[in-house]
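User: I have a model to look at. Please tell me what the terms mean as we go.

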Amino acid sequence: MSAEATYPKDHFLSGGWDLKSWLLTKDHKRIGILYLLSISAMFVLGGLYAGLIRWNLLVPDGTHMSADTYNKTFTAHGVIMVFFFLIPSIPAVLGNFLIPLMIGAKDLAFPKLNLLSWYLYMLGGGITLYALLVGGLETGWTFYTPYSTVFAQSNVEIAAVGIFVAGFSSILTGLNFIVTIHKMRAPGMTWFRMPLFVWAHYATAIIQVLGTPVIAITILLVALERIFHFGFFDPARGGDPILFQHLFWFYSHPAVYIMILPSMGVISELITCFSRKRVFGYSFIAMSSLAIAAIGFLVWAHHMFVSGMAVYSAMVFSALTYLVAIPSAIKTFNWVATLYKGSISWDTPMIYVFCFLGLFLIGGLTGLFLGNLGTDVHLTDTYFVVAHFHYIMVGGAIMGYLGAIHFWWPKITGRKYSEAWGRLSAVLIFVGFNLTFFPQFVLGYLGMPRRYHVYPDEFQVLNVLSTAGATVLGFGYLFPSFYLVYSLFRGEPAGANPWGAKGLEWTTTSPPPTENFHEVPVVTEEPYDYARAPKEAAVV
Amino acid sequence: MSEHHVVPLKVYLGVFLALCVLTVVTVAVTGYDFGPFNLIVALGVAITKATLVVLYFMHARYSPKLTGVVIASSIAFFVILVFLTLTDYVSRPWPLTAAG
Amino acid sequence: MNPSMPLVPERASSFAGEVDALFFFIVAVTVFFTVAVSIAAVYFAVKYRRRSDADRPAEIHGSLLLELTWTLIPLGIVVVMFVWGAKVFFHMNRPPDDAMTVSVVGKRWMWKLQHPTGQREINELHVPLGRAVKLVITSEDTIHSFFVPAFRIKKDAVPGRYNVAWFRATKTGTFHLFCAEYCGTEHSKMIGRVVVLEPEAYQTWLAGGPPPESPVVAGEKLFTELNCVTCHRPDSAGRGPLLEGIFGRPVKLASGDTVVADEAYVRESIVNPAARVVAGYQPVMPTYLGQVSEEQLISLVAYIQSLQVPTEATR
Amino acid sequence: MSETTTAHHPALQHQFTDLRQQKEAVTLGMWVFIAQEVLFFGGLFAAYAVYRSMYPAAFSAGSHHLSWKIGFANTLVLIGSSLTMAMAVHFAAIGMKRRVVGFLLATVLLGSVFLGVKYFEYGDKIRPCLGDGPYTGCLVPGERFDAAALHLEGAEGGHAQIYFSLYFGMTGLHALHMIIGIPIILGIAFLAGRGAYSPEYHSPVELVGLYWHFVDIIWIFLFPLLYLIGAH
């Protein structure tokens with residue numbers, strides 16, 4: 001580490017703090033921070049709704065809130081978390097901030113489009129929050145027809161328009177990343193010298209661009225059918241509700257890969273830095289990202305095995321679902337192999353990496369139960385599914401997100417956070433998480449259906465355990481917001497490369513200047529080449 | 001742009017004529033009944049027209065290989081969406097009896 | 001339903017054993033890999049923890065052999081899982097021919113069930129022990145899902161079509177019935193009980209209730225009321241195809257391919273006759289969409305199912 | 001064009017090193033946008049494929065009701081507008097400003113003709129539902145949909161409603177894309193008129209050309225799939 005780091009005088013924030021410099025910025029770093037603030041707000045809101053769900057499920061007879069309120073609560077939790085936190089989280093915040101830095105570019109390919117993405121996100125978020133808060137939405141985040149089109153009495157149209165608009169924010173971010181990664185790499189930065197974080201975001205961008213439009217048209221059809229009653233999914237007139245499920249899951253399954261792939265990219269960066277070692281099987285990890293993006297589009301109907309779809313078609317989808325499990329297994333094995341003979345330091349980001357590894361293992365392997373035709377009949381639509389996707393999303397995506405925020409916090413803000421608090425909150429979150437969601441695997445196997453306001457008495461003990469875990473988890477999530485904000489004012493200057501990490505973003509100052517690099521970097525060495533000492537920043 | 005290929009006018013006019021002829025073919029072909037192949041023939045004509053537009057009007061022929069990859073992947077995912085969904089509808093009436 | 005905290009649901013159907021065997025095989029694989037990888041990660045984290053900033057870790061790029069092993073081995077395991085799962089799924093979707101048919105109609109927030117002998121039940125299903133029960137499931141409004149955890153069966157009730165599931169109860173007692181697909185405000189109250197009785201107890205229960213009108217009788221009355229009989233006549237002189245003995249057998253269609261005349265085809269032919277017309281007949285049959293309720297449709301299907309080839313009449 | 005001049009061209013955005021990189025980036029961006037549009041229409045084409053395979057009779061009856069002659073004429077109009085757009089791009093590449101403006105306006109004109117024909121086609125399907133004018137059968141899916149106009153009854157009437165919701169959905173979305181495209185072309189024609197483009201820098205003309213050709217391709221598929229089902 002540099003002896004004693006000084007806080008750089010001119011950086012991308014020193015230009016000005018007034019409203020105009022934020023709301024009309026074209027700097028990918030400021031847009032990344034705008035996203036950080038907006039999705040953190042969404043995360044808090046979604047988390048409150050989660051708390052309300054767990055509060056209701058403390059008692060089996062549902063006396064804590066009415067059935068209608070509960071339905072609106074779990075729908076709001078689902079919609080906010082899926083569309084407004086998990087999908088944008090790492091790509092919009094860290095992807096925006098870091099990809100140009102990592103490939104040696106001045107900015108993303110289309111800065112104005114990037115700002116438009118944020119405005120679309122805020123507009124879509126505003127409309128959807130209006131629908132959720134004023135009157136509520138009680139169709140579940142899945143909008144299954146004919147309930148959503150014929151029977152729901154809530155703001156389905158407004159929420160549909162909100163999600164439609166927010167969808168384009170995701171498409172434009174993906175488009176921006178694809179063009180930037182193809183066309184704006186610094187000299188010497190070949191495809192196989194790029195950080196795996198950038199590979200993961202390239203695969204995510206492909207899914208964002210090719211998947212999101214399908215849910216955009218599907219959600220639009222639901223809204224149009226509610227307004228004009230043209231019977232598109234209305235069984236009375238020959239419409240097929242299962243067609244809606246096909247179109248919906250065609251996007252919504254690849255969407256879970258949009259949520260997990262960026263975290264995988266983060267883990268590859270963190271595990272190499274804190275093992276001070278080259279990643280094991282670089283090209284296998286890179287190709288696994290692309291394989292997940294491609295095969296991820298072939299598996300969607302494993303959400304519909306019991307919907308009465310054809311048995312032979314279900315077999316095809318089950319086989320393809322098992323195929324998509326392989327790249328994730330390859331990545332996990334490669335990460336663990338990277339630890340072998342490394343020099344591992346247990347800083348906060350590395351603790352999040354271990355949390356990710358443990359939880360993503362359980363999350364991924366429990367997917368085998370749900371991709372399997374035989375066991376899925378019993379387990380689908382129960383709390384087993386709820387536990388599975390929370391292990392992937394909260395255990396995987398959010399652990400990766402928190403690890404990334406801690407790892408690049410010195411680079412973004414130029415300040416160091418308190419390691420002690422960081423490690424404590426990571427362990428607290430890990431414990432709270434497992435206490436919340438592991439009992440739900442058992443609940444699911446016992447047959448407790450999801451989205452139930454009241455449930456039979458014998459499930460209460462496990463539900464109480466889960467709610468207890470949720471309080472610990474909620475409490476654990478508050479910690480980072482305290483010590484990270486505290487570090488903004490009291491944190492000691494971090495210097496260009498506090499972790500001694502490899503990567504172009506660590507060769508410029510922290511926080512980086514507006515044009516990222518004082519002179520265009522030339523890449524000569526392989527990625528994660530820790531054998532050689534990290535290059536000091538040209539100008540501190 | 002040095003490597004940008006300026007396409008001669010007569011290529012455009014030729015492609016335009018071909019498209020008009022193929023449009024006439026599109027209508028003419030519905031005169032005959034090919035039984036189950038009606039749709040395939042109609043789609044075949046439409047695909048040839050679309051390929052002409054993509055190659056010549058949209059300069060795909062003169063663009064870098066990457067443009068071809070983008071076009072191919074969008075078509076691939078379109079085909080996945082349509083045909084994997086159809087596998088469910090086509091195989092619904094198939095009987096499950098081992099013999100059947 | 002034992003109030004103590006169970007960890008394994010009851011095994012009360014012939015499937016339960018198969019599904020649980022497959023379930024615990026996957027649990028074993030999950031536990032093995034989770035423990036193995038976690039131990040490896042923790043062991044490496046401790047053994048190779050950073051002692052000083054100066055230590056230089058090994059220069060390892062990767063090894064093709066290792067990559068192949070941890071690609072092919074997981075591939076092999078998942079193929080086994082897939083084939084085993086497909087076998088169980090195939091078995092679940094093929095009711096035996098001797099099964100007794102119970103019709104299930106999901107309606108917002110209640111299950112309406114009807115036995116072959118006509119008994120109707122709301123949110124309760126009494127079935128004899130050891131007898132295969134075929135469920136013909138549909139819905140009158142939104143999508144529901146008929147889920148009996150103890151039997152390990154679940155099938156969506158989709159409006160506008162029949163979905164079929166079946167089970168063979170192997171344990172007497174009372175078991176939970178849930179709706180597993182979100183269907184509105186009282187989704188969590190759309191529950192019920194499946195009561196498995198000894199065969200004799202089932203017969204007495206059947207006799208106990210009010211004399212029911214069997215769906216076959218109700219179907220026959222409807223068949224004449226809606227003057228289906230004018231075209232569908234046993235002497236096959238009418239304009240409609242002969243229905244005697246047609247149920248469950250393949251039927252050649254005008255479009256050339258054949259289809260098995262099961263509940264779904266008969267229901268579709270009543271509600272949407274022009275869809276799949278039998279070979280040799282014109283699509284002249286008027287539609288009864290909206291004129292017959294789901295229950296009446298079930299009675300008509302039951303009646304057609306009961307029509308046997310009259311012994312003396314020659315086809 | 002030598003490399004140095006393009007490094008300080010007024011149209012060069014700061015994040016690009018030279019115009020060549022900007023042009024490649026902008027073109028790739030447009031192609032990725034078109035890939036996304038293919039999937040956006042793809043949802044409707046998937047629904048069309050499923051419903052046509054389920055209800056061939058109703059689809060055939062519905063498509064017989066449309067006048068394929070108007071569809072045919074409209075297709076030629078749109079292919080014409082595609083030609084004029086390609087010519088505009090061609091002349092922009094060789095720097096003939098007046099020709100560029102002329103062909104862009106021709107494209108807008110042909111596009112407007114196409115939309116006008118669509119307006120009348122929609123008119124004679126929607127007006128009966130509102131009750132004015134001669135009653136030729138209301139074909140807007142919903143309560144007032146008149147299946148008798150297609151000689152269908154009962155469930156087939158419902159299936160015909162699905163055909164017409166697909167018809168209005170797909171052609172409506174296509175028309176919406178043209179309604180968005182036309183003002184953009186006018187804007188670019190205006191800028192071209194003021195000499196904003198040169199052989200080194202005429203990307204906006206190319207991009208709007210790619211967009212317009214894509215809209216034309218969608219119609220090339222819509223015409224046979226909606227207007228020409230079954231023998232005519």
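Analyst: Two strands pair if DSSP finds at least two bridges between them. Helices (H or I, at least four residues) and strands (E, at least two) are DSSP runs, numbered from the N terminus. This is a predicted model: local features need pLDDT of at least 70, side-chain atom pairs count only at pLDDT 80 or more, and totals for chains, interfaces and linings use all residues. Residues are numbered from 1 along each chain as its sequence is written, while chains are lettered from A and ligands numbered from 1 in the order in which they are written.

User: What does K134(C) stand opposite?

Analyst: K134(C) faces W166(C) in β8(C). β5(C) and β8 (residues 163-168) of chain C pair in the antiparallel sense, over 6 bridges.

User: In which sense do β1 and β5 of chain C pair?

Analyst: Parallel, over 7 bridges, with β1 covering residues 100-107. In β5(C), I137(C) is the bridge partner of V104(C).

User: What is the radius of gyration of chain B, and what would a compact globule have?

Analyst: The radius is taken over C-alpha atoms, and the globule rule is 2.2 Å times the number of residues to the power 0.38. For 100 residues a compact globule would have near 13 Å, but chain B has 19 Å. The C-alpha trace of chain B spans about 65 × 35 × 15 Å along its principal axes. Chain B has 3 helices and 0 strands.
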